Amino acid sequence: MQPKSPSILECPVGRAVETVGEWWSILILRDAFQGATKFDEFSQNLGIAPNILSRRLAHLTESGMFVRRRYQERPPRYEYVLTDKARDFFPVIVALLAWGNKHLAPKGESILLANRNSARPFDPVVVDAADMQPITLASTIAIPGPRASRGMRKHLASLKAMNPAVAPAGD
């Protein structure tokens, strides 16, 4: 069942979840960032049922995350190539990896991201491009964008997080 609330449909997070929120989609994208392009590679790496993989690849292609390109004529075989839209999703995968390492790896990290040139492990954080300061719950409020509808503006105005004087939970 798809969400029907205008505030969810207009929300960038809601639209992102519609595109990549299904967990197989995120794992397929993770593997694509690691170099997988072919159906058999995704299938083998993920242990996913072929019908589910076919649906997920079709959805990601229709959503503009992959371009399907034929690499073999007989029998016809296709590879799935990341688009710029998909490459822009990479920081989300980085954030999930960092969060998983911090909170879900009690025996230690099994995967780290490192600098390609020096192999120095990264310590990922999300920062504001203007001042390079970390973006945290305590430093953030949600405000309407220039294309926000009246309904979205009303919804955002009703949120406690819209009031800069209200500290977020846990602070």
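**A hairpin and a helix crossing**

Gln-72 stands opposite Arg-77 in strand β2. Strands here are DSSP E runs of at least two residues, helices are H or I runs of at least four, and both are numbered from the N terminus. The model is predicted: local features need pLDDT of at least 70, side-chain atom pairs count only at pLDDT 80 or more, and totals for chains, interfaces and linings use all residues. Residues are numbered from 1 along each chain as its sequence is written, and side-chain values use heavy atoms, with hydrogens and water left out.

Strand β1 covers residues 66-72 and β2 covers residues 77-82. The two run antiparallel, joined by six bridges; pairing requires at least two DSSP bridges. They form a hairpin, with four residues between them.

Now turn to the helices. The axes of α3 (residues 23-33) and α5 come within 10 Å and cross at roughly 75°. Axes are lines fitted to C-alpha atoms over the stretch in contact, and angles run from 0 to 180 degrees between N-to-C directions. From α3, Trp-24, Ser-25, Ile-28 and Leu-29 make the contact (heavy atoms within 4.5 Å). From α5 come Ile-52, Leu-53, Arg-56, Leu-57 and Leu-60. By class, this contact has seven nonpolar residues, one polar and one charged.

His-59 also lies in α5, which spans residues 50-62. His-59 counts as buried because its relative accessibility is 18%; the cut-off is under 20%, with a 1.4 Å probe and protein chains only. Leaving aside residues up to four places away in sequence, His-59 touches Glu-18 and Thr-19.

Terms used:
Buried means under 20% relative accessible area, exposed over 50%, partly exposed in between (1.4 Å probe, protein chains only). Ala, Val, Leu, Ile, Met, Phe, Trp, Tyr, Cys and Pro count as nonpolar, Asp, Glu, Lys and Arg as charged, and the others, Gly among them, as polar.
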